[in-house]
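Visitor: Please take one hairpin and go through it closely, together with whatever pairs with it.

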Amino acid sequence: NDFDIDYSDGPINGTCPASFVRTWTAIDECGNSSSCEQIISIDDTQAPVWDLACQLDPTFNSSETGICPEEATISLQEGQEINIFTTWTVGGIEIPALAGCVEDNCTDVDDLVIRVADITYGGNSCTRTISITFVAEDLCENVSGNFTCVYTFVDDVAPVLDCPADITVECTSSYGPDVTGSATAIDACND
């Protein structure tokens, strides 16, 4: 008996899981045919994966940026949703988008939702750290592990000191600053 087996696929319906009907048909050499249907489900259970080489941990010195540690903030908010093309600022410095830093087995990276899971401030007026943690979610609501970047702002500029003018005093005079004058100083970051 000679016969041919062929199939045709219907449209894909739904998401997570999606499904479609495959119709199988067998036709013998006499033109007799029979058909059956197979339902094929397509599911995604794998979360997006970060390229941890993309994690940024830069240090910004006030001598180069003019930014004092206590003034450094981040333009994102906890819970905010962005995409891989969104940029943000830390201490007024633009940070590159996350394009190329995350991938998913089924969802196009353009369709991933990037969520700000946590923002933590640490340090003091001399050094401030701002840690931001992201997670990525695909169209099937699979959530990635954490992706954390730590930005450090350092006050590395010394105070500007203004010394009193040279002075000559009598040997019987006081040599204290109340007579000789006092130095003054200003500090861009620590008043």
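Guide: Strands β2 and β3 form a hairpin with four residues between them, and G31, in the turn, has a positive phi of about 90°. Strands here are DSSP runs of E of at least two residues, numbered from the N terminus. The model is predicted, so local features need pLDDT of at least 70 and side-chain atom pairs count only at pLDDT 80 or more, while totals for chains, interfaces and linings use all residues. Residues are numbered from 1 along each chain as its sequence is written, and side-chain values use heavy atoms, with hydrogens and water left out.

Strand β2 covers residues 18-28 and pairs with β3 in the antiparallel sense over ten bridges; two strands count as paired if DSSP finds at least two bridges between them. Within this pairing, W24 stands opposite C36 of β3. W24 of β2 is also the bridge partner of Y7. β1 and β2 pair in the antiparallel sense over seven bridges.

As for exposure, β3 (residues 33-42) has ten residues, of which one is buried, so the strand lies largely in the open. Buried means under 20% relative accessible area, with exposed over 50% and partly exposed in between (1.4 Å probe, protein chains only).
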